[in-house]
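I opened this notebook to record what I looked up in one model, entry by entry. The entries follow the order in which I took up each topic.

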Amino acid sequence: MGAAIAASPTQQQQQQQQLESHPRLPRPPLWRLLDKKGNITADVQFLLDFAIVGNPKTATTFTMNWLASHREIEMYGHELHAMQSGRPAELVSLLYDFPAGRNYKRGYKAPRDISSAPALRSFANYFPETK
């Protein structure tokens with residue numbers, strides 16, 4: 001019988017990265033985060049690391065495109081208006097579709113959230129640690 005060949009550190013690191021970025025990593029199922037009426041019922045902070053907010057015409061689209069090109073960032077390539085419309089559960093559903101794993105940062109762009117009372121309340125209630 002031949003001896004098992006040990007993977008090089010590079011291969012081991014790649015395998016670990018693939019495991020960590022796999023979309024099926026343990027995380028609460030969506031039904032534990034949202035009830036049947038679409039209300040947020042659990043801590044959803046882990047779904048949103050950053051938000052691109054600001055006044056219109058302040059390079060938010062450039063920033064979104066630049067960040068979205070990074071392999072360790074997941075974000076939509078367009079503005080999302082769920083928070084300013086008072087529908088944070090909709091944002092939770094969208095963010096939940098991103099791959100699970102610790103190697104990703106998740107974000108979204110909605111410039112007008114900076115001056116939207118519903119969005120600011122939702123950030124305070126559901127995403128207080130979001131940058």
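**Entry 1. Helix H5, outward side.** I began with the face of H5 that is turned away from its buried side, and there I found the exposed residues Ala-124 and Asn-125. I note at once that the model is predicted, and that H5 has the highest mean pLDDT among the elements of the chain, at 95.

**Entry 2. Helix H5, inward side.** Which residues of H5 are buried? I listed Ala-119, Ser-122 and Phe-123. Looking down the axis of H5, I saw that these buried residues fall within an arc of 100°, so they line one face of the helix. An α-helix has 3.6 residues a turn, so residues three or four places apart point the same way. I then asked what the buried residues of H5 pack against. The partners are strand S1 (50–52), helix H4 and strand S3 (105–109).

**Entry 3. Ser-122.** Is Ser-122 buried or exposed? Its relative accessibility is 5%, and because buried means under 20%, Ser-122 counts as buried. Not counting residues up to four places away in sequence, Ser-122 touches Met-83, Pro-88 and Phe-127.

**Entry 4. Phe-127 and the largest core.** I followed the contact from Ser-122 to Phe-127. Leaving aside neighbours within four places in sequence, Phe-127 is in contact with Val-44, Gln-45, Leu-48, Met-83, Leu-91, Val-92 and Ser-122. I next turned to the largest nonpolar core, which has 22 residues. Which of its members touch the most other members? They are Leu-91, Tyr-108 and Phe-127. The elements that contribute two or more residues to this core are helix H4 (88–96) and helix H5 (117–126). H4 supplies the largest share, five residues. Apart from this core I found another, of six residues, including Phe-50, Met-64, Leu-67 and Ile-73.

**Entry 5. Strand S3 and its pairing.** I checked how enclosed S3 is. Four of its five residues are buried, so S3 is largely enclosed by the rest of the structure. I then looked up its strand partners. S1 and S3 run parallel and are joined by three bridges; in one of the residue pairings, Phe-50 has Gly-107 of S3 as its bridge partner. Strand S2 (residues 73–79) also pairs with S3 in the parallel sense, over four bridges. Here Glu-74 has Arg-106 of S3 as its bridge partner. I recorded, too, that S2, H4 and S3 make a right-handed β-α-β unit.

**Entry 6. Arg-106.** I returned to this residue of strand S3. Is Arg-106 buried or exposed? Arg-106 is buried, with a relative accessible area of 6%. Leaving aside neighbours within four places in sequence, I listed its contacts: Phe-46, Leu-47, Leu-48, Asp-49, Phe-50, Glu-74, Phe-98, Pro-99, Ala-100 and Gly-101. The list includes Glu-74, the residue with which Arg-106 forms a bridge pair.

**Entry 7. The loop between S1 and H3.** I looked for positive phi values outside glycine. Lys-57 is not a glycine, yet its phi is positive, at about 65°. Lys-57 is found in the loop between S1 and helix H3 (60–68). At 84% relative accessibility, Lys-57 counts as exposed. Ala-59, which lies in the loop between S1 and H3, also has a positive phi, near 70°. Ala-59 counts as partly exposed, at 43% relative accessibility.

**Entry 8. The chain as a whole.** The chain has five helices and three strands, and from the N terminus on its elements run α-α-β-α-β-α-β-α. Buried residues make up 35% of the 131 residues. Of the contacts with a separation of 6 or more, 70% are between residues 24 or more positions apart.

**Entry 9. Confidence.** Helix H1 (residues 9–20) has the lowest mean pLDDT of the elements, at 52. Over residues 18–22 the pLDDT is below 50; I noted that this stretch has 11 contacts in the model beyond near neighbours in sequence.

Notes. Residues numbered from 1 in each chain as written. Predicted model: local features only at pLDDT ≥ 70, side-chain atom pairs only at ≥ 80, totals over all residues. Heavy atoms only, no water. Core = buried A, V, L, I, M, F, W, Y, C linked by side-chain atoms within 4.5 Å. Buried < 20%, exposed > 50% of the residue type's maximum accessible area, 1.4 Å probe, protein only. Contact = heavy atoms within 4.5 Å. pLDDT = per-residue confidence, 0-100. Arc of directions from axis to C-beta. Pairing = 2+ DSSP bridges. Right-handed = clockwise from strand over helix to strand, strands pointing away.
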